[in-house]
Amino acid sequence: VFGVDSRDGGVGRGANADVQIIVCIDRATGAVKLASVYRDTYLNLAAGSRFAKINEAYADGGPEQAVAALNKNLDLDIEHYATFNWRAVSDVISMLGGVDIDITEKEFKYMNAYIHETSIESKVNEKNPAAEYIKGPGMQHLDGVQAVAYARLRYMDTDYQRTERQRKVIELAFEKAKKADLKTLNDLLGNMLSMVATNLTWQDGLDVINDFGKYNLKDTAGFPFKFDDMTLGTKGFIVVPVNLESNVLELHKYLFGDENYE
């Protein structure tokens, strides 16, 4: 699953994929695991020998190259993708009735600025974005725009914590979807397929929502598991797996329970 930073709502080549989440679904048991790949992770972009931040693979060649880069570096065989812009995520969360999140003092300091920017740039509530500001820290019921703003926060900590916020929003929306009726799920499916870039079909989506009640989000994690960071010339800030092989071994163990993977 990709989330792109395009200000024009585009979901194709040219936008950086600042959200990259590997979603592993065990169809037999319904167990779901998520692994966020940190956007600044320095990897091969799967187009020749060029190394850069992994979020650049999407900008270079769209979702096809981004998937190829993840498969090449992490020894995976991902076949399907879905790319969301801010508006699509906001609409989905609003259709589910919003999510409840405990906002810290540090997060609140930046929340309303992000709400303002997100509401304008996702073409939601352009005339009066301030109407949806939150009043303070603590437990808040967030609508779609506010939840997207929360998932974008990073100035009070780091991008690592931001991926945790992203997965928290997904987890809460997932639990809301599990309690939704079939009409709402069908509406969600129609909304997503009309607003996202994906190689999933309508039937793929129907197969998922028909069995949605059996799915359980078992765990979430960030990748690399062990890393360092540094500034590398014109590349700027990068995340370095320490080392790539041991991190990929751990990823396969985490996603698939594979103790004998090589």
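A residue counts as buried when its relative accessible area is under 20%. Asn44, in this predicted model, has a relative accessibility of 7% and is therefore buried.

The protein chain contains eight helices and twelve strands. Its radius of gyration is 18 Å, close to the 18 Å that the globule rule gives for 262 residues, so the chain is as compact as a globular protein of that length. Of the 262 residues in the protein chain, 48% are buried. Among contacts in the protein chain with a separation of 6 or more, 63% are between residues 24 or more positions apart.

The protein chain carries 29 positive and 39 negative side chains. The centres of these two sets lie 4 Å apart.

Asn44 belongs to strand E4, which covers residues 42-44. Leaving aside neighbours within four places in sequence, Asn44 is in contact with Ser49, Arg50, Phe51, Ile54, Ala69, Lys72 and Asn73. Two of the elements concerned have stated limits: strand E5 covers 51-53, and helix H1 covers 56-74. A polar atom of the Asn44 side chain also lies 2.7 Å from the backbone nitrogen of Ala46.

Ala46 itself is placed in the loop between E4 and strand E5. The backbone of Ala46 has a phi near 65 degrees, a positive value in a residue other than glycine. Most residues other than glycine have a negative phi.

Asp75 also has a positive phi, about 55 degrees, although it is not a glycine. Asp75 lies in the loop between helix H1 and strand E6 (82-84). With a relative accessible area of 42%, Asp75 is partly exposed.

Helix H4 is next. How many of the nine residues of helix H4 are buried? Nine of the nine are, so helix H4, residues 144-152, is largely enclosed by the rest of the structure. The buried residues of H4 include Gly144, Gln146, Tyr150 and Arg152; Val145, Ala147, Val148, Ala149 and Ala151 are also among them. At the start of H4, a side-chain oxygen of Asp143 comes to within 3.2 Å of the backbone nitrogen of Val145.

Two peptide bonds remain to be noted. Most peptide bonds are trans. The bond joining Phe223 and Pro224 is cis, with omega about 5 degrees. Pro224 is found in the loop between strand E10 (216-223) and strand E11 (227-232). The peptide bond from Val242 to Asn243 is also cis, and its omega is near -20 degrees. Asn243 is found in the loop between strand E12 (236-241) and helix H8 (244-256).

Definitions and conventions
Residues are numbered from 1 along each chain as its sequence is written. This is a predicted model: local features need pLDDT of at least 70, side-chain atom pairs count only at pLDDT 80 or more; totals for chains, interfaces and linings use all residues. Side-chain values use heavy atoms; hydrogens and water are left out. Helices (H or I, at least four residues) and strands (E, at least two) are DSSP runs, numbered from the N terminus. The radius of gyration is taken over C-alpha atoms; the globule rule is 2.2 Å times the number of residues to the power 0.38. Buried means under 20% relative accessible area, exposed over 50%, partly exposed in between (1.4 Å probe, protein chains only). Contact means heavy atoms within 4.5 Å. Lys and Arg count as positive and Asp and Glu as negative; His and the chain ends are not counted. The place of a charge is taken as NZ of Lys, CZ of Arg, CG of Asp or CD of Glu. A polar contact is a pair of N or O atoms within 3.5 Å; within protein, one must be able to donate a hydrogen and the other to accept it, and residues adjacent in sequence count only if both atoms are side-chain atoms.
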